[in-house]
Structure formats: C-alpha cells, structure tokens
Amino acid sequence: MSGSFLTALVQLTAGPNIDANLERITELVQEAKSAGTSLVCLPENCTQIQPDKGRALADARAEEQHDALLRLQALASATGLWLQVGSLTVKAASRHSWNRSYLLTPEGAIAARYDKIHLFEASVGDGQSYRESDYTAPGAEAVVAALPWGALGITICYDLRFPHLYRHLAKAGADFLTIPSAFTRPTGKAHWHVLLRARAIETGCYVFAAAQCGRHAGGRETYGHSLIVDPWGEVLADAGEDEGIVVAEIDPKKVIEARRRIPALEHDRPYGAASGEPDLPRTRAS
C-alpha cells in the first residue's frame with residue numbers, strides 16, 4: 001500500500017436520457033477533480049435509469065460499441081482520475097444484458113470489469129416490484145483490481161446483502177470495496193447505513209458506496225446517502241438526499257490497523273457437513 005489519497009463519490013438522480021446524465025456526470029467529476037481527488041466513484045446505472053425495460057434493453061450496447069463507456073473513458077483520461085463506473089447496461093448475447101461495473105485508469109483504459117452476481121428480486125412496499133433477472137444476466141466471478149494505494153473489490157448494490165462475497169474479496173486481498181447502488185427508499189431507510197458499516201467492520205476494508213438519489217422517471221425513488229466508511233465502521237462522509245459529491249481522505253494504513261486490532265479474517269473455522277463453507281464465486285484478479 002502507498003500513502004493517503006482523496007476519493008469522491010458522485011450522487012445522481014439519473015433519468016432515461018443518457019446524454020443528459022453524462023453531462024451531469026461530467027460536471028460532478030470535474031468538481032471532484034477540482035477538490036484534489038484521485039479516485040471518483042459513480043453510482044449503479046449511472047448513465048440511465050429507464051422505467052421502460054424494453055427501451056432500456058434496446059438502448060443497451062455491446063461493450064466495444066458502447067458510446068457511454070467510450071465517453072466515460074475519455075472523461076477519465078481528460079481529468080487524469082481513476083474512475084469507478086458504478087454500472088452500465090451492456091448487451092449480452094441473449095435477450096438479457098449485463099449490469100456491469102468498470103474501473104478506468106487515468107489514461108482511460110479498462111483496468112477491471114465486474115458483472116453483478118446477485119440480482120434484485122423483491123417487493124419492498126413502495127408500489128413497485130423488482131425482477132432484475134427478467135432482463136439481466138447474473139455474473140459469476142468476484143473481481144479484485146489493483147489501485148496505486150491497494151486492492152479494490154468491486155460489487156454492485158444487491159450484492160451488499162451477501163456478506164460471504166465481501167469476506168471472499170477481503171481474503172483475496174481487497175483493501176477497499178465499491179458498492180455502487182440504486183437502493184429503494186424503503187430498504188435504504190431500513191438497512192443502508194447498517195449494512196455498509198457491517199461490511200466495512202467484517203472485512204476491515206474501506207467502503208465506497210456511491211448511490212442514486214431522489215425521484216426518477218416512472219415514479220421510482222432512490223435513497224441517496226452515498227457513504228464513505230472506514231475499516232473500523234466510522235462514516236467519513238454522507239451525501240444526504242440531493243445530487244452532488246462527497247470527499248474523504250483515505251489512509252490505507254487504517255486497513256492494517258483495523259485488522260491487527262481484530263484479526264477476524266484469520267479466525268475462520270470449518271463448519272457444516274463437508275468443508276463447512278458455502279460455495280463462493282470464482283475470483284478473478286485484474
């Protein structure tokens with residue numbers, strides 16, 4: 001690990017218009033650049049929240065033809081920032097798409113990609129029913145990517161509710177975790193802060209959780225409150241309910257310190273009939 005750095009989370013109210021969302025992202029990333037940050041994280045579905053799922057699938061593009069991805073790569077290059085693209089809708093071979101996250105280098109290259117493993121299937125009491133598997137294919141590999149300051153474990157939104165994934169990432173070397181999200185208001189109010197703090201405490205990792213906020217087309221409401229959490233579970237920054245950015249200083253030495261104080265990652269013991277551990281997704285280091 002190297003020295004401290006500043007990271008920023010971008011909080012958005014994305015709509016159906018991809019161009020308009022990219023313009024807003026550009027404004028906020030440039031604001032983060034002016035604040036002296038080195039890593040900027042965007043929320044899930046950062047370039048489009050489209051209530052018409054048929055239209056969303058029609059707007060999806062294969063990675064090599066994805067104009068929004070190309071424009072975000074150009075933004076990373078123009079600003080000289082590491083850019084964690086929370087997720088884009090990327091066309092798959094079937095009628096489904098991938099909910100795919102990217103880590104972009106300051107030169108605009110793709111350092112890592114991750115397809116959301118756990119798909120949101122729930123009725124949460126907000127008048128809407130969520131069936132992500134109707135239009136999204138699940139990923140199968142956990143991903144840890146190298147940053148100048150340590151290793152980054154990449155996840156997306158509903159993954160947050162599956163703690164074994166985060167323990168797996170931490171044991172694979174992750175020092176930081178990204179959890180870009182579009183949490184509903186009911187689940188956000190009930191669970192967002194406690195789950196994010198728990199993932200940080202359990203793993204001894206920093207958590208960077210950039211989120212969607214506000215009321216979107218079609219009546220969907222997302223919770224906001226993008227959070228930066230340190231390895232001891234302290235909330236360093238909370239973006240509240242409106243669009244904007246939050247910034248915090250990240251000290252990688254605190255990862256080492258937290259794990260020395262409570263070395264729980266070293267204390268797993270076998271349990272269960274066979275190995276005692278659940279099947280875990282394969283991990284690909286990028």
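This is a predicted model: local features need pLDDT of at least 70, side-chain atom pairs count only at pLDDT 80 or more; totals for chains, interfaces and linings use all residues.

**Cavity.** Residues are numbered from 1 along each chain as its sequence is written, and side-chain values use heavy atoms, with hydrogens and water left out.

I noted the rule for spaces: on a 1 Å grid over the protein atoms alone, a cavity is a set of points where a 1.4 Å probe fits but cannot get out, a pocket is an open set with protein on both sides within 12 Å along at least five of seven lines, and lining residues have an atom within 4 Å of a point. Grid points are joined across faces, edges and corners, and a volume is the space filled by probe spheres set on the points.

The largest cavity has a volume of about 80 Å³, and among the residues of its lining I found Ile-18, Asn-45, Cys-46, His-66 and Leu-88. Helix α2 (53–59) and strand β3 (82–91) each supply at least two lining residues, and β3 gives the most, with 3 residues; such elements are DSSP runs numbered from the N terminus, helices being H or I of at least four residues and strands E of at least two. I sorted the lining into 5 nonpolar, 6 polar and 1 charged, where Ala, Val, Leu, Ile, Met, Phe, Trp, Tyr, Cys and Pro count as nonpolar, Asp, Glu, Lys and Arg as charged, and the others, Gly among them, as polar.

I then looked up the largest pocket, which has a volume of about 600 Å³. Of the 32 residues that line this pocket, Asn-45, Lys-53, Tyr-130, Tyr-135 and Arg-220 are the closest to its centre. Two or more lining residues come from each of α2, β4 (97–104) and β7 (129–131), and the lining as a whole divides into 13 nonpolar, 12 polar and 7 charged.

**Sheet of 6 strands.** I traced an open sheet in the order β5-β4-β3-β2-β1-β16, with mixed pairing; two strands pair if DSSP finds at least two bridges between them. Which strands stand at the edges? They are β5 (110–115) and β16 (244–250), each with a single partner strand, so one side of each is left without a neighbour in the sheet. Strand β1 (residues 5–11) runs antiparallel to β16 and is joined to it by 7 bridges, and I noted that Gln-11 has Gly-244 of β16 as its bridge partner.

**Sheet of 7 strands.** Another open sheet, also of mixed pairing, has the order β15-β14-β11-β10-β9-β8-β17. Its edges are β15 (235–238) and β17 (282–285), and each has a single partner strand, so one side of each lacks a neighbour in the sheet. Strands β9 (residues 150–154) and β10 (residues 176–178) run parallel and are joined by 3 bridges, with Leu-177 in β10 as the partner of Gly-153.

**Helices.** Finally I looked up α4 (residues 163–171) and α5 (residues 185–203), which pack at an angle of about 40° with their axes 9 Å apart; axes are lines fitted to C-alpha atoms, for helices over the stretch in contact, and angles run from 0 to 180 degrees between N-to-C directions. The contact (heavy atoms within 4.5 Å) is made by Pro-163, Tyr-166, Arg-167 and Ala-170 of α4 and by Arg-199, Glu-202 and Thr-203 of α5.
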